[in-house]
Protein chains: 2
Amino acid sequence: MERIKAVVYGVGAMNTIVTRMLLDKDVDIVGAISRSESKVGRDLGDLTELGRQLGVVVSDDAGEVFRQTRPDIAVIAVNSYMADAVEQLRICAEHGVNAVTISEEALFPWHTSPEITAELDRIAKSTGATLTGTGHQDTYWVNIVAMLMGTAHHISSVTGRASWNVDDYGPEVAGDQQVGRTTGQFEEWLRDSQRPPTFGRNVLDALVADTGLTVKSQTTRTRPDLAAESVFSQSLQKNIRAGDVIGFTDVDEIQTEEGPVFTFEMSGRVYGPDDGDINEWAIEGEPDLVLSNGAVPTQITTCTQMVNRIPDVIAAPAGFVTAEKLPRLRYRAFPLHTYLGGDR
Amino acid sequence: MERIKAVVYGVGAMNTIVTRMLLDKDVDIVGAISRSESKVGRDLGDLTELGRQLGVVVSDDAGEVFRQTRPDIAVIAVNSYMADAVEQLRICAEHGVNAVTISEEALFPWHTSPEITAELDRIAKSTGATLTGTGHQDTYWVNIVAMLMGTAHHISSVTGRASWNVDDYGPEVAGDQQVGRTTGQFEEWLRDSQRPPTFGRNVLDALVADTGLTVKSQTTRTRPDLAAESVFSQSLQKNIRAGDVIGFTDVDEIQTEEGPVFTFEMSGRVYGPDDGDINEWAIEGEPDLVLSNGAVPTQITTCTQMVNRIPDVIAAPAGFVTAEKLPRLRYRAFPLHTYLGGDR
């Protein structure tokens with residue numbers, strides 16, 4: 001079995017971590033793609049803090065990289081929504097290159113971006129490529145929950161709670177998350193904003209799809225998270241007064257024709273000293289079941305899953321294959337290519 | 001797709017629950033097998049508290065039942081160790097009947113009972129049957145842990161803790177678990193007893209097998225659990241004095257050639273008012289990860305998994321197929337037979 005050839009698509013914080021992990025698992029990185037003028041022409045090793053050059057020069061011409069290197073997989077960390085992600089996924093599909101992306105909507109985009117997804121699925125099937133969205137949500141918000149559901153005889157509701165720290169993602173995200181606004185300003189923004197569907201909806205769509213149940217209705221409610229006492233926002237470098245907004249929580253809910261109700265609360269706010277990323281799920285039914293992962297290192301588990309999913313994506317049938325349809329994720333103790341061909 | 005035809009093999013507490021769950025999922029129960037004279041000749045519905053007869057008369061002749069009914073699956077809840085379980089599994093295999101069992105050792109018996117397992121595997125392959133051990137441990141001690149491991153880049157250790165209440169299983173089990181002994185009596189018993197391998201070892205064997213790592217050494221240590229204050233044992237109907245034994249904890253450990261160490265602590269003791277079955281796992285590596293399932297309803301999740309695994313076992317290749325090799329468990333919202341044939 002030959003080593004896996006990968007192209008790193010997007011050279012930012014996440015693919016910097018992923019690059020190191022790919023090399024640790026004996027993946028040959030044969031190309032790197034970025035649109036950033038400050039990165040094009042430079043060596044990927046220099047840009048990803050490896051302390052050595054890789055002999056891989058960053059290019060802004062994805063098609064040319066794919067034609068020259070014919071990789072087994074492209075690992076994409078560029079954007080979040082399908083409206084943007086379609087650009088990278090389409091060029092992968094057109095060149096017959098399997099792709100794994102951490103674009104959040106790509107986790108299960110069939111309902112939130114049906115036309116784009118169907119188009120990508122069609123192109124990928126015509127060239128033999130597989131396109132899959134993964135990341136932290138693959139296991140923690142979908143597959144581990146679906147497995148927990150598999151230990152129930154009857155389910156009436158599935159409820160999840162997760163959170164992330166706005167201060168981890170810089171001032172632009174803090175602004176998007178309404179940090180520092182008054183409740184009045186927040187309500188005004190909420191009323192007037194044209195927000196895209198939440199990623200929580202994609203999570204619930206994947207869970208419901210795995211059960212085969214039928215979506216009856218889907219709602220998203222949003223409530224502000226308020227500072228209980230004055231708190232300092234690292235990303236904005238200012239104090240948020242008690243009572244002002246430190247972020248917000250989206251509550252997605254899907255009701256099914258057959259009865260079970262699926263709810264997911266996602267809170268993005270400025271953390272206090274005792275806060276950490278959580279992942280907590282509760283199933284009501286026979287029996288009642290719960291799951292908690294303590295303080296979850298969300299950024300790292302996004303990168304680990306992008307790497308560990310690669311053998312599953314290469315082996316999957318062609319098309320847009322969502323993560324709940326992949327095999328149960330496994331630890332990759334050995335070089336990634338040794339997981340191809342069914343030997344392990 | 002026709003309905004699944006099942007034979008209930010063993011008519012005790014667990015298969016009483018399983019019988020109801022099978023009927024709820026539109027499985028046709030076509031036979032029932034028991035060696036108990038008090039049950040043979042009676043209707044399965046009467047014996048399983050359904051409040052109605054099923055037209056299924058309990059037989060003590062498994063071969064005859066299989067020849068008459070040609071079931072798709074046998075659901076076995078009879079015993080715990082392969083030395084005993086081989087009787088039921090062999091007759092299933094010889095008649096080409098798929099079987100799912102909650103015999104604990106059957107979860108991964110390749111190392112603890114290699115000859116028996118190889119023989120059953122050979123017979124099953126010759127007749128096209130699949131034999132699988134499942135139960136609470138399938139998801140909670142193996143597959144959910146293996147999935148969690150799949151979100152790590154590097155693992156140095158995997159440590160699990162689980163517990164069960166001796167008082168749930170009657171006076172014989174309480175005696176086996178040394179409840180009421182002094183520490184001196186316990187040490188004497190521990191020194192002289194010829195205990196079979198722990199079920200914790202089967203759990204770790206399954207986890208290690210899933211990683212492809214190589215077992216270097218395997219140890220089991222046992223320590224008594226002592227009453228912190230006087231506690232009443234329901235099953236023995238007597239008080240256990242402070243300082244005396246309320247059960248014990250087996251600590252299984254597997255060291256691997258490649259480095260990662262796997263440990264599983266299983267505590268079977270008389271519970272105090274604040275105790276409940278736990279399932280807690282911690283992975284050390286990059287990153288550190290944890291999982292907890294709160295208070296786990298172990299008996300029910302043993303039954304649910306025996307039922308929900310049936311489509312996986314019917315669809316699996318022939319032979320002795322352990323649970324870590326089955327697809328990720330799914331919730332069965334619809335009649336079980338609708339999960340065959342790949343439609344869902």
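Reply: Happy to! A salt bridge here is a side-chain nitrogen of Lys or Arg within 4 Å of a carboxyl oxygen of Asp or Glu. Please keep in mind that this is a predicted model. Counted over all chains, the salt bridges in the structure come to 41.

Me: How many salt bridges are there between chain A and chain B?

Reply: Side chains of opposite charge can pair when their charged atoms come close. One of the pairs across the contact is A:Asp210 with B:Arg330, at 3.7 Å from N to O. Between chain A and chain B, the salt bridge count is 6.

Me: Which chains does the pair of B:Glu286 and A:Arg20 join, and why?

Reply: The side chains of B:Glu286 and A:Arg20 form a salt bridge with an N to O distance of 2.7 Å. B:Glu286 sits in strand S13 (residues 279-286) of chain B, while A:Arg20 belongs to helix H1 of chain A, so the pair joins two chains: B and A.

Me: What area do chain A and chain B bury between them?

Reply: The size of an interface is often given as the accessible area lost when the parts come together. The contact draws 47 residues from chain A and 47 residues from chain B. Carbon and sulfur atoms carry 57% of the buried area, and the total is about 3,900 Å².

Me: Which three residues supply more than any other three of the area that chain A buries against chain B?

Reply: For the roughly stated total, recall the figure of about 3,900 Å² between the chains. On the chain A side, 22% of the area buried against chain B comes from A:His153, A:Arg328 and A:Tyr331.

Me: Which element gives the largest share of the side of chain A that touches chain B?

Reply: Polar contacts also link the chains, with 27 residue pairs between chain A and chain B, both residues at pLDDT 80 or more. Elements giving two or more residues to this side of chain A include helix H1 (13-24), helix H6 (136-149) and strand S7 (154-165). By class, that side has 21 nonpolar, 15 polar and 11 charged residues. The largest share, 8 residues, is from H6(A).

Me: What kind of axis relates the two copies?

Reply: Chain A superposes on chain B by a rotation of 180 degrees with 0.0 Å of shift along its axis, at an RMSD of 0.0 Å. The copies are therefore related as by a two-fold rotation axis.

Me: Through what do the copies meet?

Reply: Of the interface residues of chain A, 100% are also interface residues in chain B, so the copies meet through the same surface.

Methods
Residues are numbered from 1 along each chain as its sequence is written. Chains are lettered from A and ligands numbered from 1 in the order in which they are written. This is a predicted model: local features need pLDDT of at least 70, side-chain atom pairs count only at pLDDT 80 or more; totals for chains, interfaces and linings use all residues. Side-chain values use heavy atoms; hydrogens and water are left out. Contact means heavy atoms within 4.5 Å. Buried area is the accessible area (1.4 Å probe) that two parts lose on being put together, summed over both. A polar contact is a pair of N or O atoms within 3.5 Å; within protein, one must be able to donate a hydrogen and the other to accept it, and residues adjacent in sequence count only if both atoms are side-chain atoms. Helices (H or I, at least four residues) and strands (E, at least two) are DSSP runs, numbered from the N terminus. Ala, Val, Leu, Ile, Met, Phe, Trp, Tyr, Cys and Pro count as nonpolar, Asp, Glu, Lys and Arg as charged, and the others, Gly among them, as polar. Copies are superposed by least squares on the C-alpha atoms of residues with pLDDT of at least 70 in both.
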